[in-house]
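Student: I would like to go through this model one feature at a time. Please give the general idea each time, and then the case here.

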Amino acid sequence: MVSFWERKSFLTYDIIIVGAGITGLSAAASLKEKAPNLSVLVLERGTLPTGASTKNAGFACFGSISELAQDLKALGESGMVNLVSRRWKGLQKTSNRLGPDRIDLQQKGGYELLTANNAHYLHDLSTLNDLLKPIFPSPVFADHTSQLDTFGFKNTKHLIFNPFEGQLDTGKLMKSLWQYCQQLGVQVLTGTEVSAIQPEKQGVSITTPTLTFHARAAGICTNAFTNKLLQPSVDITPGRGMVMLVKPKKTLPFEGTFHYDEGYFYFRDFHGKLIFGGGRNLALAEEQTEIFGLNPRIEQKLLEDLNEIILPNSAYEVEMKWSGIMAFGPTKNPLIEALGDHRYLAARLGGMGVALGSLAGDDLADLILQGSF
Ligand SMILES: Cc1cc2nc3c(=O)[nH]c(=O)nc-3n(C[C@H](O)[C@H](O)[C@H](O)COP(=O)(O)OP(=O)(O)OC[C@H]3O[C@@H](n4cnc5c(N)ncnc54)[C@H](O)[C@@H]3O)c2cc1C
């Protein structure tokens, strides 16, 4: 039974954001930056954010050469350039908002390993560099195959370098963003799963197992889990990604971020260790799941690649393994839209949300402020 005081001070807000991933927290931060007098609550089902934002590998990236060549085919020139620009601006927004040191952002550059089978991506280098000229102060991609011996990679023909790619500490990013929201006066309640969002007289009612909240508008930032909340459903397919933390016995001969197999596999250094993940393409149908877990087939392939490509003839120990759930759709563009009845959506950030999350949140904040206030 709810008291008058609880209803007035704890259950009624101007705006409620559902989901405390990078998109939801970024939206909450943008709302308070733009409209400090509005009350903003974030409801998160997990004790910690439980989707992709605390589970990724901490790449501050906007696309490897093969990924952008594929995007060029799928989205056309302006679509590809626009997506790169948003990823780049999103990373800068997060860095400026929180401070590069607080998120351990390091601009060590990124590389793509190309085998003989995908060496044809070298032909895209000058086209992509030309198209990306308006965004970056110097050419993005360069052939650094000469570094292959130093790095010690096997079964690799070419190495493409991108000096603008970086890496960050995912845990620090999410913790800092959370703290920043709290400094701005955003309230965050965890362990609070929303089961329904319904229209009511002056906004929405938001149902959770124990309490019903009220707001003038709701922002839905539940990414892969969105369709549990929406009727009719939106076009979102979950995609599970696996990551492992590897401790090499010897000093790593490389630093930076690395992709191969058209971006499906990725690894980076982290204070002398290796963070390695991917392989979803080996079992695309099986990995279209919202259930956290590890696929033994993918794990086996990651271990094989550690031995045969990344750390050949070197001993290592796998210290941790985990998974995260991403959200995909028929195009790479996220869904950011007003759904009607004072409900607004920012979801489906694919494998780009570290970069895009702050802008997606900012766009959502604008939609809410324009549509409901
Ligand atoms: C392994 C892996 C590697 C990745 N690599 C990269 C990369 O290199 N570069 C990049 O830019 N991005 C990468 N990503 C993607 C990036 O992490 C995501 O796009 C981004 O985190 C999505 O953020 P989000 O806030 O939209 O969603 P999420 O982080 O999934 O947040 C959604 C939140 O909503 C909560 N929620 C769901 N339903 C409810 C409900 N009913 N009630 C209350 N709360 C609810 C969830 O618990 C969750 O915390 C990677 C992701 C993974 C998993």
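**Reading the model**

Tutor: Glu255 is found in the loop between strands S12 and S13; helices (H or I, at least four residues) and strands (E, at least two) are DSSP runs, numbered from the N terminus. This is a predicted model, in which local features need pLDDT of at least 70 and side-chain atom pairs count only at pLDDT 80 or more, while totals for chains, interfaces and linings use all residues. Residues are numbered from 1 along each chain as its sequence is written, and side-chain values use heavy atoms, with hydrogens and water left out.

Student: Is Glu255 buried, partly exposed or exposed?

Tutor: Buried means under 20% relative accessible area, exposed means over 50%, and partly exposed lies in between (1.4 Å probe, protein chains only). Glu255 has 48% relative accessibility and counts as partly exposed.

Student: Which residues is Glu255 in contact with, leaving aside its neighbours within four places in sequence?

Tutor: Contact means heavy atoms within 4.5 Å. On that basis Glu255 is in contact with Lys108, Tyr111 and Asp269. As for C-alpha distances, Glu255 and Arg268 are 6.9 Å apart in space and 13 residues apart in sequence.

Student: Where is His259 found, and which residues does His259 touch?

Tutor: His259 is in strand S13, residues 257–260. With a relative accessible area of 7%, His259 is buried. Not counting residues up to four places away in sequence, His259 touches Phe59, Cys61, Ser64, Tyr111, Glu112, Leu113, Glu165, Phe265 and Tyr266.

Student: What is the order of the strands in the open sheet of eight strands?

Tutor: Strands of a sheet pair through backbone hydrogen bonds, either parallel or antiparallel. The criterion used here is that two strands pair if DSSP finds at least two bridges between them. The open sheet has the order S5-S6-S4-S13-S14-S15-S12-S16, with mixed pairing. Strand S5 (142–143) and strand S16 (316–328) stand at the edges with a single partner strand each, so one side of each has no neighbour in the sheet.

Student: How many bridges join S5 to S6?

Tutor: Two bridges join S5 to strand S6 (residues 158–162), and the two strands run antiparallel. In S6, Phe161 is the bridge partner of Ala142.

Student: How many bridges join S18 to S11, and how many join S18 to S17?

Tutor: Three bridges join S11 to S18, and this pair runs parallel. Tyr344 in S18 is the bridge partner of Gly219. Five bridges join S17 to S18, which run antiparallel; Ile336 stands opposite Ala346 in S18.

Student: Why is S18 described as largely enclosed?

Tutor: Five of the five residues of S18 are buried, so the strand is largely enclosed by the rest of the structure. Both faces are covered: Arg343, Leu345 and Ala347 are buried on one side, and Tyr344 and Ala346 on the other.

Student: What can be said of the protein chain as a whole?

Tutor: The protein chain has eight helices and 18 strands. Its radius of gyration is 21 Å, close to the 21 Å that the globule rule gives for 373 residues, so the chain is as compact as a globular protein of that length. The radius is taken over C-alpha atoms, and the rule is 2.2 Å times the number of residues to the power 0.38. Buried residues make up 54% of the 373 residues. Among contacts between residues at least 6 apart in sequence, 73% join residues at least 24 apart.
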